[in-house]
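Please keep the sequence and the three-dimensional view at hand while reading.

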Amino acid sequence: MTGPTVSELDVLIGNKWKKPSLIKSDWLRWGLTLGALIYLVLAINSVEVSWSRVYEGLDRGAKFVKAFLNPDFTTRATDIREGMIESIIMTIAASVVGIAISIPIGLGAARNIAPLPVYLVCRSIIAVSRALQEIIVAILLVAIFGFGPLAGFLTLSFATIGFLSKLLAEEIESMDKVQAEAVKATGSRWSQWINYGVQPQVIPRLIGLSIYRVDINFRESAILGLVGAGGIGATLNTAFDRYEYDTAAAILLIIIVIVMVLEYLSGVIRARVQ
Amino acid sequence: MLKLDKLVKTYNTGDQALKSVELEIPQGQVLALIGPSGAGKSTLIRCINRLVEPTSGKVYLDGIELTTLGSGALRRERRRMGMIFQEYALVERLTVMENVLSGRLGYVGFWRSFLRRFPQSDVDNAYRLLDRVGLVHMADKRADELSGGQRQRVGICRALIQDPALLLVDEPTASLDPKTSRQIMRLIVELCSERGLAAIINIHDVALAKMFVQRIVGLESGAIVFDGVPDDLTPDMLTHIYGEEDWEATIEKVEDEEQEAAQ
Amino acid sequence: MVTHTQPDGSLKWTRRTTGERMVRWFGWLVGVAVFVYAWNTISQATTWFFVWDAPRIAGDIFGRATPPRWSYIDKLWGPIWDTLNIATLGTIISLFLAVPVAFLAARNTTPSKMFIRPIALLIIVSTRSINSLIWALLLIAIIGPGVFAGIVAIAIRSIGFCAKLLYEAIEEINETQVEAITATGGSRWQVMVYGIVPQILPAFAGIAVFRWDINIRESTVLGLVGAGGIGLQLSASLNVLAWPQVTLILLVILVAVVIGEWVSAKVRGAII
Ligand SMILES: Nc1ncnc2c1ncn2[C@@H]1O[C@H](COP(=O)(O)OP(=O)(O)OP(=O)(O)O)[C@@H](O)[C@H]1O
Ligand SMILES: [Mg+2]
């Protein structure tokens, strides 16, 4: 082997090899590492942990674990049943309404099919809905509409809109243009174009996302009760307040099982529509 | 140096991929394994370094029986068998150099390899090998930035840096264009003779096999049906292995191409 | 797809058979009935008088909540710092716990499909199904209120989320790359570091940043139940109906969420 490569090789032989770093500049790399370290030290130091309190808590923690192994479904059976039913009802109603409203808003928020003014309006609705936490919306709505499941239902519907419309709009924006254009090229009206060109591509995904959202809505419905917006959360909160860990454990177990069932169902349904 | 004794592999699905294969390969011999798709070529190769566990039978490498080794001893013996894959099997998000050096994993402790602190002799060797295959300037590129032919060269370096006695090569050229295929085959055969390595090369392209190796073994439905020099591989024999086809035509066509390429 | 013979002898094409259509109609009917029932229940539990009065009350609150009390921001820097720490430290801890769980849950890396995998999956489902606010409630009952409870709540809640996405990424890796490393004679851990880790590293980084973004949101409200951060101020202000402070806090939360999303989008862009 003679030629220019020999000199290249000669230069390399005997030299240390180091993996090239992700961040090329040494300065930046060391700066970032140092910054991260300083942040971590400051952050950890600013957390006050009262270890004696934690130590006392271990006892209660053990009690809670025991409660999980031996949950009490019966003592507060009525409360649990009513709270659960209210949670489920809120989930169902909010999912139906939320999904129904997110479809037009999702269409409006897709730049490739909506005119600019509509696009901007729909995008801002989505932005507001996504920026506001469910629990904060619930607080405000409870202040306005009073305690009860209506506030919870409205909260979940509003959150569903932000979640679904955004993903739906992204799906439409990224869909196969050629296929949609082919339908447009046949000279069809806008509604027909949506119906034949857009819908078939987007529907399976929409169904998948909707089911996923039902799952999220149920999980969220479990906390809305903390601020008085209905559902099982109120019962759960009371159980914690009274240190009735076995009842709390029962409620949590029910939530986990329902979420598991929903996840299983969503897997089955998604497999069928795709 | 390598000896297969009544090697049988039956997959869980019930497929009998190997039916009592007997094969012996002397030091430094390069052997081409041909046969139709599903004949069991990949299975045979993988049973040797036990990426696939053989159902029964024995494999000896320089007198050491591989089939009964425990995991530590198996790893030590695997270092002596370099493997080259059809789809290159480079770890795509690592650099070329890391891919080559990964061939030394069997010799280097965990922390050294984790921190990329390989002995200088390994690094130098890696550079030499990369230079030998003409890729030394690519050493710090990520493997997924390379072309197919280049990746396969890196794959060859990874196998050779193990300092193996035997190369197990599974369809090295099946994902490459005809010209690159020939270059890669030539490279493998040259390197084997330079270093006195034995090799088993699975290959679909009979013409290519005949061009480069001294011994060809034909596998059909998990059994060896041919074992001889390339000249013995007559069209009749090929029909026996592969089924009916116009063999003369394909072979001549490829030879024409080769002449064209040489001009 | 079915064809019917029309009275005039021509063939009519419909997409579904009569039976399928019946099932569909029945499905819709049940769906509508369930929805109507749900709505009725909600409506019965609602005091409609308040609802009719809602526009006035909303206007009233809005009037009282504006303008925000800007000077209150001085009291918020500490809680903002705490909120950031809850999200960041919580995410870091959860990643340390999620990685082993993910490897135990992935079909191709679990030591035992029969025993260990189901346990790992159970950890994933149970930590995921329970909202971080509930985890916070639970932890406050156990270890007392404060930032620490918030960190642990976020950490536990995130395990399932991160481990689920990560184990899906592990199950999708290219097995021949792993085999190639195995074939060189590398040990189990070397195969892990050279064959598996590089393949899942981008997914891991994406998941970490994604979850950090979500955790910024969640940590802003943990204080509502007493687990530290800016939510404590929110809850205190709500209790005394100090609406101008509430407005300011909501604005701060909004800004935090937007910054969090922006940072995570930037970092993800840089990695992938
Ligand atoms: N992991 C596996 N599980 C079950 N059966 C397998 C497995 N791998 C291979 N087989 C079966 O074993 C037989 C031999 O397969 P093998 O991959 O060794 O063939 P091959 O000669 O390498 O074919 P090709 O030229 O297409 O690569 C086939 O019938 C195949 O279906
Ligand atoms: Mg094969």
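This is a predicted model: local features need pLDDT of at least 70, side-chain atom pairs count only at pLDDT 80 or more; totals for chains, interfaces and linings use all residues.

Residues are numbered from 1 along each chain as its sequence is written, chains are lettered from A and ligands numbered from 1 in the order in which they are written, and side-chain values use heavy atoms, with hydrogens and water left out.

**The site of ligand 1**

There are 14 residues around ligand 1, and those that come nearest are Ser37(B), Gly38(B), Lys41(B), Ser42(B) and Thr43(B). A residue counts as near a molecule if one of its heavy atoms lies within 4 Å of it. The shell consists of 4 nonpolar, 7 polar and 3 charged residues. In this division, Ala, Val, Leu, Ile, Met, Phe, Trp, Tyr, Cys and Pro are nonpolar, Asp, Glu, Lys and Arg are charged, and the others, Gly among them, are polar. Helix H1 of chain B, residues 41-48, supplies the largest share of the shell, 3 residues. Helices (H or I, at least four residues) and strands (E, at least two) are DSSP runs, numbered from the N terminus.

| Residue | Atom | Distance to an oxygen atom of ligand 1 |
|---|---|---|
| Gly40(B) | backbone N or O | 2.9 Å |
| Ser42(B) | polar side-chain atom | 2.6 Å |
| His204(B) | polar side-chain atom | 2.9 Å |

On its own, ligand 1 has 630 Å² of accessible area, of which the protein covers 63%. Accessible areas come from the Shrake-Rupley method with a 1.4 Å probe; for residues, only the protein chains shown count as cover.

**Chain A with chain B**

This contact (heavy atoms within 4.5 Å) takes 11 residues from chain A and 16 residues from chain B. The two chains bury about 1300 Å² between them, 65% of it on carbon and sulfur atoms. On the side of chain A, Leu9(A), Trp17(A) and Lys19(A) lose the most area to chain B, together 46% of what that side buries. Buried area is the accessible area (1.4 Å probe) that two parts lose on being put together, summed over both.

The rule finds 1 salt bridge across this interface. Lys19(A) forms a salt bridge with Glu98(B), with the closest N and O atoms 2.9 Å apart. A salt bridge is a side-chain nitrogen of Lys or Arg within 4 Å of a carboxyl oxygen of Asp or Glu.

**Chain A with chain C**

Here 52 residues of chain A are in contact with 54 residues of chain C. The buried area is about 4600 Å², and carbon and sulfur atoms give 77% of it. Between these chains the count is 2 salt bridges. Arg130(A) forms a salt bridge with Glu261(C), the closest N and O atoms being 3.5 Å apart. The side of chain A that touches chain C has 39 nonpolar, 5 polar and 8 charged residues.

**Salt bridges over the whole structure**

Over all chains, the search finds 28 salt bridges. Within chain B, Arg80(B) forms a salt bridge with Asp62(B), the closest N and O atoms being 2.6 Å apart. This pair links distant parts of the chain, 18 residues apart: Arg80(B) is in the loop between helix H2 (71-78) and strand E6 (81-84), and Asp62(B) is in the loop between strand E4 (56-61) and strand E5 (64-65).

Conventions:
A polar contact is a pair of N or O atoms within 3.5 Å; within protein, one must be able to donate a hydrogen and the other to accept it, and residues adjacent in sequence count only if both atoms are side-chain atoms.
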